[in-house]
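Please look over the sequence and the structure shown below before reading on. The paragraphs after them are meant to be read with both in view.

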Amino acid sequence: MMTTTNRKWWILFTMCLLTVMLNFDATAVNLAIPKIAWKFHANLASMQWVINGFVLFGALLQIVGGRLGDMYGHRRIFIIGTIMFIAFSVIAGVAHSEGVLIFARMGQGVALGIAYPMSIALTYAAFPREQHGVAMGFIMGTMGIWLGIGPTLGGVIIHYLGWRWIFYVNVPIGIFTIILTYIFCRPGQEIKKRQT
């Protein structure tokens with residue numbers, strides 16, 4: 001039988017999976033830029049938007065994402081944001097022009113802005129107040145580790161599988177994240193936490 005203690009750690013693990021995807025894409029893509037530019041015969045200014053589009057829209061949409069979570073439920077918006085991230089990752093992977101790739105990266109940024117604030121809200125809802133620091137430490141630690149691992153793992157993937165697989169790897173991780181969210185995150189859990 002699933003206990004509250006077990007559930008909260010599974011929720012934290014699920015939120016860390018999102019952090020893995022976001023930080024891997026934020027770092028590994030940098031290594032792929034020369035190959036992508038050669039493939040699309042693109043200039044440096046265009047390729048800069050492959051990076052900046054993701055970061056810019058991710059930063060701009062976080063306030064909007066937080067508000068959507070308050071209005072419609074953090075679990076629901078988290079799942080929607082994760083589905084969007086998977087979808088735009090596939091579009092980025094199959095892109096055959098720089099314009100489509102830039103569009104997909106901006107879409108990934110929008111998904112980031114929607115999903116990431118929800119991961120913090122769901123984590124806080126799962127843990128008692130006195131353990132919020134520990135839980136956030138795990139998320140920040142995961143972020144730091146994957147900011148370090150991302151370039152190395154990205155280089156291996158680019159070398160052996162090709163740059164498109166930097167985006168394709170998000171599909172199984174994202175699907176696994178959604179499944180775990182459905183299993184362990186109760187709808188309306190964050191509302192109940194606020195009322196106690």
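This is a predicted model: local features need pLDDT of at least 70, side-chain atom pairs count only at pLDDT 80 or more; totals for chains, interfaces and linings use all residues.

Residues are numbered from 1 along each chain as its sequence is written, and side-chain values use heavy atoms, with hydrogens and water left out.

Helix 1 covers residues 4-40; helices here are DSSP runs of H or I with at least four residues, numbered from the N terminus. One of its residues is Asp25. Is Asp25 buried or exposed? Asp25 counts as buried, because its relative accessibility is 0%. The term buried means under 20% relative accessible area, exposed means over 50%, and partly exposed lies in between, with a 1.4 Å probe and protein chains only. Ala26 also belongs to helix 1, but Ala26 is partly exposed, since its relative accessible area is 29%.

A search of the whole structure finds one salt bridge, a term for a side-chain nitrogen of Lys or Arg within 4 Å of a carboxyl oxygen of Asp or Glu. Which residue is the partner of Asp25 in a salt bridge? The partner is Arg105, and the closest N and O atoms of the pair are 4.0 Å apart. This pair links distant parts of the chain, with Asp25 in helix 1 and Arg105 in helix 5 (residues 98-126), 80 residues apart. Arg105 is buried because its relative accessible area is 1%. In general, side chains of opposite charge can pair when their charged atoms come close. The side chain of Asp25 also makes a polar contact with the side chain of Gln108, at 2.7 Å. A polar contact is a pair of N or O atoms within 3.5 Å; within protein, one must be able to donate a hydrogen and the other to accept it, and residues adjacent in sequence count only if both atoms are side-chain atoms. Helix 5 also contains Gly109, which counts as buried because its relative accessibility is 0%. Between the C-alpha atoms of Gly109 and Leu22, 87 residues apart along the chain, the separation is 9.1 Å.

The loop between helix 1 and helix 2 contains His41. Its phi is near 55°, a positive value in a residue other than glycine. Most residues other than glycine have a negative phi. His41 is exposed, because its relative accessible area is 73%.

Helix 2 spans residues 44-60. Its N-terminal end is capped by Asn43, with a side-chain oxygen 3.2 Å from the backbone nitrogen of Ala45. The 17 residues of helix 2 reach 24 Å from first C-alpha to last, close to the 24 Å expected at 1.5 Å a residue; the expected span is 1.5 Å times one less than the number of residues. Where does helix 2 bend? The bend is at Asn52 and amounts to about 35°, taken as the angle between axes fitted to the seven residues ending there and the seven starting there. The buried residues of helix 2 are Ser46, Met47, Val50, Gly53, Phe54 and Gly58. Gly53 counts as buried because its relative accessibility is 0%.

Helix 6 has 29 residues and reaches 40 Å between its first and last C-alpha, close to the 42 Å expected at 1.5 Å a residue. A bend of about 40° occurs at Ile149, and a proline, Pro151, follows within four residues. The buried residues of helix 6 include His132, Ala135, Met136, Ile139 and Thr142, as well as Gly150, Gly154, Ile157 and Ile158. Just after helix 6, Gly162 takes a positive phi of about 105°.

The surface carries a nonpolar patch formed by Ile145, Ile149, Leu153, Val156, Tyr160, Leu161 and Trp165, with about 690 Å² of accessible area together. Such patches are made of residues with over 30% relative accessible area and no salt bridge: like charges are joined within 9 Å, and nonpolar side chains (Val, Leu, Ile, Met, Phe, Trp, Tyr) within 5 Å. Accessible areas come from the Shrake-Rupley method with a 1.4 Å probe, and for residues only the protein chains shown count as cover. The largest share of the patch, five residues, comes from helix 6 (residues 132-160). Leu161 lies in the loop between helix 6 and helix 7 (165-168), and Leu161 is exposed because its relative accessible area is 52%.

Technical notes: Helices (H or I, at least four residues) and strands (E, at least two) are DSSP runs, numbered from the N terminus.
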